[in-house]
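Me: I would like to go through the salt bridges in this model. Could you take me through them?

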Amino acid sequence: MPNIQVLDPHVADLIAAGEVVERPASVAKELMENAIDAGASTVTVEISHGGLTFLRVTDDGKGIPAPELKTAFLRHATSKLRTEYDLEAIGTLGFRGEALAAIAAVSRIEVLTRTAEADLGASLSLEGGVPGKLEEAGCPLGTTMVVRDLFFNTPARLKFMKKDAAEGAAVFAVVQRVALSHPEVSIKFIRDGRQELLTPGDGQLKSAVYAVLGRELALGFREVKSSGEEMSVTGFVSMPACCRASRSWQFFFVNGRQVKSPLMMAALEEAYKNQRMVGKFPGCVLHLQTKLNAVDVNVHPAKTEVKFGGERAVFSAVYHAVLSALEGDASHPQAVLKNTEIAGVRKQDTVTENQFKINVGPAAHGGTSSVGPSRSLRADPPRGAGPTQPPIPPVVRVHDSTYTPPRPTKPPVGAAAPGRPPASTSSLEDNPVCKPPLENEPAKAPAPTASSEIPWRVAGEVLNTYIIVEQGDTVYFIDKHAAHERMNFDRMKAQGYDPMAQTLLTPAVCRLPPREREALLAQRPLLEEFGFEVDELGADLAVRQAPFDVDAGDIPAALEELAQKLLTAGSADPAAARDELLHTMACKAAIKGGWHSAPQELERVAGAVMSGQVKYCPHGRPVAIELTKKELEKQFKRA
Ligand code: ADP
Ligand code: MG
């Protein structure tokens, strides 16, 4: 690689300027990217106090020549880019020549580096961007950067830093992403003296996935492998039955660069349409490889967003690659959910059905049709597209807020009886009613409206889910889970949640995303009130005790859900956080839709609904719908 020079100001100006150093995690990201650009095969990241007082990145890359060491810390000094034309096809992770200057400006840095050509290495210290004396130093091949006292000279910035644990979690999340983006590099992460991650660096994505996401999650993954002329998509996606409570386990990479890509996310989730539960999200580690000039990486200061030349082609490639991986899954005995089995479950319209309708147009770009077979697993192919065409990607950016929960389907009376899931289907344990209501949902209570004085009786149960109650001239369908959840919630709110906790013989070990893990650990006393005892176990959590209401196999998912709730509620409002946790526990403690319930249980739930105590589930969905004799007669053309 050529030597380091300060960019021509004309070129420098073309580069989207941006603040690269926001927090320790951004420092870790930039330094790791430099190490990888330098061809390192091992990179070690060590932090203390969340990376605020100490952050060290050591690599065995090609090193920085001593005469260029000071230059490397100048703004717009880079060895990776020369002219504006180079911006069109960037093959390195860095290219702006800004990171070292930006980090140095707000910290105290020591560098130690040696190239293969030099017998002796060089060391340099900088304080607030001002370099000290360049000195000779004996050191191994590669570079070590120590960043101390981040933001020591910008107290306003420092004030915005979160607790050490939260900043450390953010660093860990960055390290995980780098590890997943470069399985050929062995990545080690040490926090406060404890090693939390080590990837083998054997070039196998599988090994990196295993190390980062843990065994439990890795086992629920299917391999994705598909390549066309223009691009290839490889990696892993969760089986529908192993979808999670959040999108925290979705990782997207483009040409080895971690990206946030609403487009790829939409394509991924579209491939799961009708296969996953409401409120559950597939996890993935997906690498898209394409020509360098087909993506613009120079659109975001932190370089985490990219712009694709052909959005449709990318959408199509990802969609088909994931779909064919899942089809492989469908023929596998482990595949728990088939389309027919889930037909009775309210369907989740992933993302953008409306947008697809609007945007349905000619087929995606040529050249991608060879990416994966286009047979569809789904009963209903994307609207407006033939069975061999992928849905057309939305033109607009898809943000989380556009993920609207589906409208309740027609009352079950009109619906054809779908096959119901077997009671043992673990993935159906979470009842799909546990979703917030639609904003435009009518607010009035739908049922029951009849006076509770009129006698009623339970006429039966259908689909292991709906209790049928007859009262006078009206028939009610009660969603047993939703109603029971409400009863639990009201009771817990009035009397407090007094869980029966069980000590687990062997602790349940679960791997959560760093932010979620930190959120739980920060609220340990609250969790204990809810019957959970958790400890740190390396990068994992060891659950020693859990409430009886949560099935043993459901503990990791329940904790992830609780963590999500804590993260959304925020630490500012403890009462809101407690309420959110109560929702989850009320749901867990409720009888489950799709499962058999004893007649007495059904009577009890029906009684609560018929007495008018229970009208909505805690998320605001109705617990019952009614059908009058008149309406029935109309259907039968009697009236
Ligand atoms: P950029 O990565 O955008 O080029 P940086 O400010 O991050 O800008 O780094 C400036 C230059 O310093 C790089 O172009 C590279 O030549 C050199 N450099 C930085 N870190 C390393 C490293 N760990 N190993 C070798 N060279 C490095
Ligand atoms: Mg860089």
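Me: What kind of model is it, and which rules apply?
Reply: This is a predicted model, in which local features need pLDDT of at least 70, side-chain atom pairs count only at pLDDT 80 or more, and totals for chains, interfaces and linings use all residues. Residues are numbered from 1 along each chain as its sequence is written, chains are lettered from A and ligands numbered from 1 in the order in which they are written, and side-chain values use heavy atoms, with hydrogens and water left out.

Me: How many salt bridges are found in the whole structure?
Reply: The search finds 25, a salt bridge being a side-chain nitrogen of Lys or Arg within 4 Å of a carboxyl oxygen of Asp or Glu.

Me: What is the N to O distance for E269 and R247?
Reply: That salt bridge has a distance of 2.8 Å. E269 lies in helix α8 and R247 in the loop between β13 and β14, so the pair ties together parts 22 residues apart in sequence. Helices (H or I, at least four residues) and strands (E, at least two) are DSSP runs, numbered from the N terminus.

Me: Are E269 and R247 buried or exposed?
Reply: Both are buried, meaning under 20% relative accessible area, with exposed over 50% and partly exposed in between (1.4 Å probe, protein chains only).

Me: Next topic: which residue does E536 pair with?
Reply: E536 forms a salt bridge with R517, the closest N and O atoms being 3.4 Å apart. E536 is partly exposed at 33%, whereas R517 is buried at 1%.
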